[in-house]
Amino acid sequence: MHRVLKRAVTRMLPEPVVDAIVIMKGYKRQFGVLPNLVRPRTLNEKIVRRMLFDRRPILTQLADKYAVREYVKTRIGEHLLPTVYWVTTSPENIPFDDLPTQFVVKPTHGSGWVHIVQDKAQLNQHEVIDMCRRWLSQNYYYWERERVYKNIEPRIIVEELINDGTGPAPIRYKVLVFGGRAHVIMVISGVPDDLRCGLYGRSWEDTGVTYAGTKRTDKPLPRPPHLDEMLRYAEILGDGLDFVRVDLYDTPDKVYFGEITTTPLGGRMPFDSLEFDRQLGDLWDTTHGPRS
């Protein structure tokens, strides 16, 4: 009864009010305190402020896993983009017989929703179609009230699986770009059940910081072969924006684009150092207001 009453009250409230309630409660669950939105200091606080008040259309385009490709193409070129095999609103029409042995299936309108196919011969097509239908039936905005996802057209993308030779999933290089300048590279390796995380500076110095509760990489990772290119691409994509996270892959042959995130983890990135969170917040210059 309490849950039903809660839903009824929520439906009566304006969306911005519900956004604030959900986001502030989520932040407090993660950090034990409410965010300071009057004078935000940390990166996470500034992400929360963006979620609540920043309505620039460019943020929605960047969050859209398909629309962002045009942004990348315009700024850098198609050579950075993984090959797209199929885009659809009807997953039952995915031409599985024509796809390569390995590929990735993901929706345009969410975060963390991705299915990696390592061997098409072992694939249960019906399960993948059902999974895609579940994705299409949901609006990711209502999960954590990240408004950038609310008006994205739900579609399914089938694209190239990037292979960097390190395992079933490639290493993810998540570059934090402030005002067009790359400052920190978050390096995520492994699979969901055994993720490893390390944070490096732009000269590939280990910051010693990681996510609270996650495992650090067993040993310092070697400098990626195309680090300078990755930093340059990230800065081109982040130019003119106060803050974005640009995700890239590095293979022996070339760099590939992954995605752009405007509200990473909904402002609940649990760094194991509050001081580091504040240092990143200091890099985000909001004194001149949002830039497009």
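**Salt bridges, cores and strand pairing in the predicted model**

The side chains of R56 and D54 form a salt bridge, with an N to O distance of 2.6 Å, and both of these residues are buried. The structure described here is a predicted model, and the distances and areas reported for it are computed from its atoms. R56 takes part in a further salt bridge with D242, in which the closest N and O atoms are 3.3 Å apart. Because R56 is placed in the loop between α3 (43-53) and α4 (57-63), and D242 in the loop between α8 (227-238) and β9 (243-250), this pair ties together parts of the chain that are 186 residues apart in sequence. Like R56, D242 is buried.

Under the criterion applied, the model has 19 salt bridges. One of the pairs is formed by R145 and D19, whose closest N and O atoms lie 2.7 Å apart. This pair, too, links distant parts of the chain, since R145 is found in the loop between α7 (141-144) and β4 whereas D19 belongs to helix α2, the two being 126 residues apart. R145 counts as buried because its relative accessibility is 8%, and D19 counts as buried because its relative accessibility is 1%, the cut-off for burial being under 20% relative accessible area. R145 and D19 also belong to a network of salt bridges that links them with E15, R147 and K150.

In soluble globular proteins, nonpolar side chains tend to be buried together. In the present model, the largest nonpolar core comprises 53 residues, and F257 and I260 are those with the most contacts inside it. A second, separate core consists of 22 residues, among them Y27, V184, C197 and V209. F257 is located in strand β10 (residues 255-261), and its relative accessible area of 2% is the reason that it is classed as buried. When residues up to four places away in sequence are not counted, F257 touches V68, V72, L80, L81, P82, L237, D247, L248 and Y249. For I260, with neighbours within four places in sequence likewise left aside, the contacts are L62, A63, V68, Y71, L237, V244, R245 and V246. F257 and W143, which are 114 residues apart in sequence, are separated by 26 Å from C-alpha to C-alpha.

Strand β4 (residues 156-159) has side chains directed to opposite sides, with I156 and V158 pointing one way and I157 and E159 the other, and all of these residues are buried. Strand β1 (residues 84-88) runs antiparallel to β4 and is joined to it by four bridges, and the bridge partner of T88 in β4 is I156. Strand β2 (residues 103-107) is also antiparallel to β4, again with four bridges between the two strands, and here V105 has V158 as its bridge partner in β4.

L13 is situated in the loop between α1 (2-12) and α2 (15-31), and it counts as partly exposed because its relative accessibility is 34%.

Methods:
Residues are numbered from 1 along each chain as its sequence is written. This is a predicted model: local features need pLDDT of at least 70, side-chain atom pairs count only at pLDDT 80 or more; totals for chains, interfaces and linings use all residues. Side-chain values use heavy atoms; hydrogens and water are left out. Buried means under 20% relative accessible area, exposed over 50%, partly exposed in between (1.4 Å probe, protein chains only). Contact means heavy atoms within 4.5 Å. A nonpolar core is a set of buried Ala, Val, Leu, Ile, Met, Phe, Trp, Tyr and Cys residues joined through side-chain atoms within 4.5 Å. Two strands pair if DSSP finds at least two bridges between them. A salt bridge is a side-chain nitrogen of Lys or Arg within 4 Å of a carboxyl oxygen of Asp or Glu.
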